[in-house]
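Please consider the sequence and the coordinates together.

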Amino acid sequence: MNKIYDALTIAKWIINKIHPEPLKLQKLLYLAQGYSYAFHDRPLFYEDLEGWVHGPVVRDVYDVFKNYQYRCIDTTFQIDEIDNEAEDVLNYVIDNFSKYDAKYLENLSHEQDPWILSREGLDPDERSDKTISKESIANYFISEIFQPELEAWD
């Protein structure tokens with residue numbers, strides 16, 4: 001069985017690869033968690049994401065890097081190797097989403113059910129630490145990736 005990591009290890013892997021600012025890092029973590037469910041039917045990391053105003057956030061990772069604010073995290077970290085499945089997911093996310101800025105990724109997360117469901121009943125600018133359930137992330141990304149194509153009706 002492949003390993004499930006702590007979110008900080010995954011964050012450091014992403015930082016080593018592309019040195020994003022904290023907001024972008026958070027959105028890439030969310031996408032990595034989602035695509036791990038879609039591709040391998042398992043979470044990539046243990047921690048929960050929370051439905052914050054600006055999108056999904058792993059609080060522990062936020063706390064470590066919040067002082068960077070809008071600046072790139074220009075540090076390089078020594079981390080243990082990750083398994084091939086995890087690396088494949090992370091490379092997929094980097095290859096497909098790192099070209100976008102943090103605001104684009106924030107807006108993308110705001111269109112997706114996991115964040116929307118976590119914000120139910122809240123005003124748009126209302127602070128919240130409500131958890132985005134792992135189940136909602138899994139269901140959303142699996143259905144988005146493996147959605148069967150509809151046949152044209154003749």
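In what order do the three strands of the open sheet stand?

## Basis of the model

The model is predicted: local features need pLDDT of at least 70, side-chain atom pairs count only at pLDDT 80 or more, and totals for chains, interfaces and linings use all residues. Residues are numbered from 1 along each chain as its sequence is written, and side-chain values use heavy atoms, with hydrogens and water left out.

## The sheet

The order of the three strands in the open sheet is S2-S1-S3, and their pairing is antiparallel. Strand S2 (55-57) and strand S3 (131-132) each have a single partner strand and stand at the edges, so one side of each lacks a neighbour in the sheet. Two strands are taken to pair if DSSP finds at least two bridges between them. In general, strands of a sheet pair through backbone hydrogen bonds, either parallel or antiparallel.

Strand S1 (residues 49-52) pairs with S2 in the antiparallel sense over three bridges, and a hairpin of two residues joins S1 to S2. Gly55 in S2 is the bridge partner of Trp52. S1 also pairs with S3 in the antiparallel sense, over two bridges; here Ile132 in S3 is the bridge partner of Leu49. From S1, Leu49 and Gly51 point one way and Glu50 and Trp52 the other way, and all are buried. Buried means under 20% relative accessible area, exposed over 50%, and partly exposed in between (1.4 Å probe, protein chains only).

## Overall architecture

The protein chain has seven helices and three strands. From the N terminus on, its elements run α-α-β-β-α-α-α-α-β-α. Helices (H or I, at least four residues) and strands (E, at least two) are DSSP runs, numbered from the N terminus. The radius of gyration of the protein chain is 15 Å, close to the 15 Å given by the globule rule for 154 residues, so the chain is as compact as a globular protein of that length. This radius is taken over C-alpha atoms, and the rule is 2.2 Å times the number of residues to the power 0.38. The C-alpha trace spans about 55 × 40 × 30 Å along its principal axes.

Of the 154 residues, 45% count as buried. Among contacts (heavy atoms within 4.5 Å) with a separation of 6 or more, 77% are between residues 24 or more positions apart. The protein chain exposes about 9000 Å², of which carbon and sulfur atoms supply 47%; accessible areas come from the Shrake-Rupley method with a 1.4 Å probe, and for residues only the protein chains shown count as cover.

## Residues in the loops

Ile79 is found in the loop between helix H3 (59-65) and helix H4 (84-97). With a relative accessibility of 22%, Ile79 counts as partly exposed. Residues up to four places away in sequence not being counted, Ile79 touches Thr9, Lys12, Trp13 and Asn16. The C-alpha atoms of Ile79 and Ile10 are separated by 9.2 Å, although these residues lie 69 residues apart along the chain.

Most residues other than glycine have a negative phi. His19, in the loop between helix H1 (7-18) and helix H2 (22-40), has a positive phi, near 50°. At 25% relative accessibility, His19 counts as partly exposed. Asp41, in the loop between H2 and S1, also has a positive phi, of about 55°, although it is not a glycine. Asp41 is exposed, with a relative accessible area of 61%.
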